[in-house]
Amino acid sequence: MTLLDRRPAATGGLAALPRPVAVVAGAGGVLGAAHVGAGYALERRGFVPDLIVGTSVGALTGAIAAAHPDTAAAWLDDVWRQLRRREVFPLGLSALAASVFTDRGLRRLIARAELPERIEELAIPFTAVATDLATGTEVLLDHGDLESALLASAAIPGILPPVDRDGLMLVDGGVVAYVPVLAAQRAGAASLVVLTTGPESWPLQPTVPRRRAGAIAARAGLLRLHHQIECDLHEVAGHLPTVVLPTGIDTWPAWWDFGHADRLIDTACATADNFLDGLQIDGPGLYRSAQWRSQR
């Protein structure tokens, strides 16, 4: 990828992060392609985290990074640029009609990634975050069967089937931890590098939606996720250096549209690269792009 060859690798401010440092990869469906661009920027600097915590698509990309710390970005790049909706969301109700789509596509993707059977066998300690559908509590999956952990973390309610594991019915971790920074803090991280995606992770602009049910529901969902992400980020940043890598993306595809991977990967790579060049760490706090500073 030409973006990676523009200049020599450099460590920048990442070297100043206290260990153990966690990479936290949030949810976002097709927008997870932006994680690949951020991953390129981190790999170029020789950065290897001490642990990885992911929710939903962030759990999938995080597990691959945990299995292949030095080569994950290139592998994910190749997959994302060729991925299409029917591969991830094959049509057909599950046997009990618990979801619109089956999880056959995700199972095939996981199998292609050459992952170990158990979470403990990954090269980097890893946690997938899911939600207990009965109680609404966050469930941290850091040991045991890897495939079921990834399927549970990515089980979008109603879209993909829930996963029965250890007596619990589990669904997408993004329900309660869209960007699981609190889980990373509880896992013992002393600093965080956070990968977020989507408009809910941007500075919120006052907007009155059209008086249509879909637009009103979408706006309410955006507000809920934005509030959750911001509360969690500020809570951990009061104790830990928390670096939020920007993506530079301001036009977002629909959740089912996989045709924008080229733009998402390339834009996120260039933006995260430039941000890391100027990163300076000075104790606990929230470190992110100038777009956020201009909102304060």
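This is a predicted model: local features need pLDDT of at least 70, side-chain atom pairs count only at pLDDT 80 or more; totals for chains, interfaces and linings use all residues.

Q: How many helices and strands does the protein have?
A: Let's count both kinds of element over the protein. The tally comes to 10 helices and 9 strands.

Q: What is the radius of gyration of the protein, next to what the globule rule gives for 296 residues?
A: For 296 residues the globule rule gives 19 Å, and the protein comes close to that. So it is as compact as a globular protein of that length, with a radius of gyration of 18 Å.

Q: Among contacts between residues at least 6 apart in sequence, what share join residues at least 24 apart?
A: Start from the pairs at least 6 apart in sequence, then keep those at least 24 apart. That share is 76%.

Q: Is R165 buried or exposed?
A: R165 sits in strand β5, which covers residues 163–165. Its relative accessible area is 8%, and the cut-off for buried is under 20%. That makes R165 buried.

Q: Which backbone oxygens does the side chain of R165 reach at 2.6 Å?
A: R165 touches several residues beyond its sequence neighbourhood, including I119, L141, G144 and L170. For polar contacts, the cut-off is 3.5 Å between N or O atoms. The R165 side chain gets to 2.6 Å from one backbone oxygen in H143, and to 2.6 Å from another in D145. The backbone oxygens asked for are those of H143 and D145.

Conventions
Residues are numbered from 1 along each chain as its sequence is written. Side-chain values use heavy atoms; hydrogens and water are left out. Helices (H or I, at least four residues) and strands (E, at least two) are DSSP runs, numbered from the N terminus. The radius of gyration is taken over C-alpha atoms; the globule rule is 2.2 Å times the number of residues to the power 0.38. Contact means heavy atoms within 4.5 Å. Buried means under 20% relative accessible area, exposed over 50%, partly exposed in between (1.4 Å probe, protein chains only). A polar contact is a pair of N or O atoms within 3.5 Å; within protein, one must be able to donate a hydrogen and the other to accept it, and residues adjacent in sequence count only if both atoms are side-chain atoms. Lists of a residue's contacts leave out its neighbours within four places in sequence.
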